[in-house]
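Please read this briefing with the structure open beside it, and take the topics one at a time.

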Amino acid sequence: MTLKYSRKVMENFLHPKNMGEIKNPDGIGKIGNPVCGDVMWIYIKVGKKKEKEFIKNIKFKTFGCTAAIATSSMVTQLAKGKNLDDAKKITRENVAKSLKGLPPIKMHCSNLASDALKKAIEDYKSKQTQKT
Amino acid sequence: MRHIYLDNAASTKVDENVLKSMLPYFTEKYGNASSQHFAGQEAKNALEKSRRIIAKSIKAHTHEIIFTSGGTESNNLVLKGLFFNNPERNHIITTKIEHDCVLNTCRWLETQGAKVTYLNVDKEGFVNPKDVEKAITDKTLIVSIIHANNEIGTIQNLEEIGKICKQKNVLFHTDACQSFTKVPINIKKQHLDLVTLNSHKIHGPKGVGALYIKDGIKITPLTHGGGHERNLRNGTENIPGVVGFAKSVEVANSKDVEKITELRDKLIKGLLKIPNVQLNGPEKRRLCNNVNVSFNNIEGESIGGYLENSGIYVSTGSACMSHSLEPSHVLKAIGLSPVQSNSSLRLSLSKYTTEEEINYVLQILPKIVEKLRRISPLK
Ligand SMILES: Cc1ncc(COP(=O)(O)O)c(C=O)c1O
């Protein structure tokens, strides 16, 4: 059934971290993959520490395969606590590496979580500029 | 950990008696059926006895059966073999819900000058015999229709379609890999000219199949060699495989079919109690061991991943699991959206499936569905 997934992928798939939604989030990033049908939503809550904005809380909802769920879970863990500039720099490769690799076929199709995170941060920023 | 194997449409466990029947042909009776000496004749006798068993099971004459390496080869041989033997008739009629080995053979034949009609099916997967009739032209060589579908279990009305083919004087072929020994096949009643059979779906070994070719039909072989199988399928015969195949037909019985049907119905009933689940394929005229459902808003591969974690093996029509990253062509043909296909699960039973196993699945699966629905953004 499943492809050859690393133990880290399986852990994040079977016991995903930070799943669910945030009520009144500061930003939401929604991304869909027209090829295989995956859908990922990332919610963030932004805090301030010494004038620097950082990700105080982050949650995800995902429709997708094992890899889609595992990458979502991983990106939330990588992003949590990071300041926004650093969080934005998280790449697909970072996520895959932290999961001890993904099957090649999944590198592109189900590895969109970092893109969803970027969108969530942009969503937050655009709301900020609207306010000012 | 315990394993519950519910992927019998993919392949099955070899029956103990089948295995026992094969063993002597590896280390004791290992002759080549073409040899003149005793060891060869021993192999030849086993080959011919097996041929009689297969022939009888579909009411054919013994010499009308040839052995192949399986369903894929038999289907290739029918379609290519007929096409290359009949330059004046280049039209093939088939359906949108065939196994890949028929569809991809047809697609390749299109590059060689064939014209192919891929018939639509209704939302349960049935071909309308009238559509077959309408599609036939004076160039039509063959109508090839899968007997029982491997994904959704739809059993076609071969008798009706066969009658039309006979009236119109075109050849009629069915791929009966999934239905063999589960649904009666009678070449006379169903007016069949060619039938594809294989062994590993019915508790026989992999890599063995057969093709029924009605007397008088000429096909071009795919392999050329020493004249084996009436020169239609050259290559030293796989005697242990063929013997096991025949044994698997002998041990098949209607009691098992009844038992599997009951368990299938129990499983379907239990699954449909989960909210927002739909059955794919028909309620009636459905293969006795096939269950296919869509759990809306969650993805098939991840359901399968959680099931595997509980020791339960199934399969899915999700794009995620196909080489092409496209959802199942069969589910698309019966009108499912990509999201519905991606959320589908096929559970296929066998005579070894127990009621306890079904109960266990029905206990585990609702929890998995609930968890994944909590993760899913789709509503
Ligand atoms: C309907 C159908 N046709 C053909 C095949 C191919 O048969 P084989 O695996 O023996 O090549 C299969 C199974 O894989 C099948 O389910």
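**The ligand and its surroundings**

In this predicted model, the ligand is surrounded by 13 residues, and the closest are Thr72(B), Asp175(B), Gln178(B), Asn198(B) and Lys201(B).

**Contacts and cover of the ligand**

- Thr72(B), one of the closest residues, has an N or O atom in its side chain that is 2.6 Å from an oxygen atom of the ligand.
- Asp175(B), also among the closest residues, has an N or O atom in its side chain that is 2.7 Å from a nitrogen atom of the ligand.
- At Gly71(B) the backbone takes part, with a polar backbone atom 2.9 Å from an oxygen atom of the ligand.
- Taken alone, the ligand exposes 390 Å², and the protein buries 87% of that area.
- When the residues of the shell around the ligand are sorted by class, three are nonpolar, eight are polar and two are charged.

**The largest cavity**

- Rolling a probe the size of a water molecule over the atoms shows where empty space is left.
- The count comes to one cavity of 30 Å³ or more, and the largest cavity holds about 190 Å³ of space.
- Its lining is made up of 19 residues, and those nearest the centre of the largest cavity are Thr181(B), Lys182(B), His203(B), Ile260(B) and Lys351(B).
- Two or more residues of this lining come from each of helix 8 (239-251) and helix 9 (254-271) of chain B, and helix 9 of chain B gives the most, with three residues.
- By class, the lining of the largest cavity has seven nonpolar, eight polar and four charged residues.

**The second largest pocket**

- The second largest pocket contains about 260 Å³ of space.
- It is lined by 13 residues, and the closest to the centre of this pocket are His147(B), Val183(B), Pro184(B), Gln190(B) and Arg285(B).
- The lining of the second largest pocket divides into five nonpolar, five polar and three charged residues.

**Confidence in the prediction**

- Where pLDDT is low, the predicted coordinates should not be read in detail.
- For chain B the mean pLDDT is 96, and 99% of the residues of this chain reach 70 or more.
- The scores for the model are ipTM 0.91 and pTM 0.94.

Notes: Residues numbered from 1 in each chain as written. Chains lettered and ligands numbered in written order. Predicted model: local features only at pLDDT ≥ 70, side-chain atom pairs only at ≥ 80, totals over all residues. Heavy atoms only, no water. Near = heavy atom within 4 Å. Polar contact = N/O pair within 3.5 Å; in protein donor to acceptor, adjacent residues only side chain to side chain. Areas by Shrake-Rupley, 256 points an atom, 1.4 Å probe, with all protein chains shown as cover. Nonpolar A, V, L, I, M, F, W, Y, C, P; charged D, E, K, R; others polar. 1 Å grid on protein atoms, 1.4 Å probe; cavity = no way out; pocket = protein on both sides within 12 Å on 5 of 7 lines; lining within 4 Å. Points joined across faces, edges and corners; volume = space filled by probe spheres on them. pLDDT = per-residue confidence, 0-100. Helix = DSSP H or I, 4+ residues; strand = E, 2+ residues; numbered from the N terminus.
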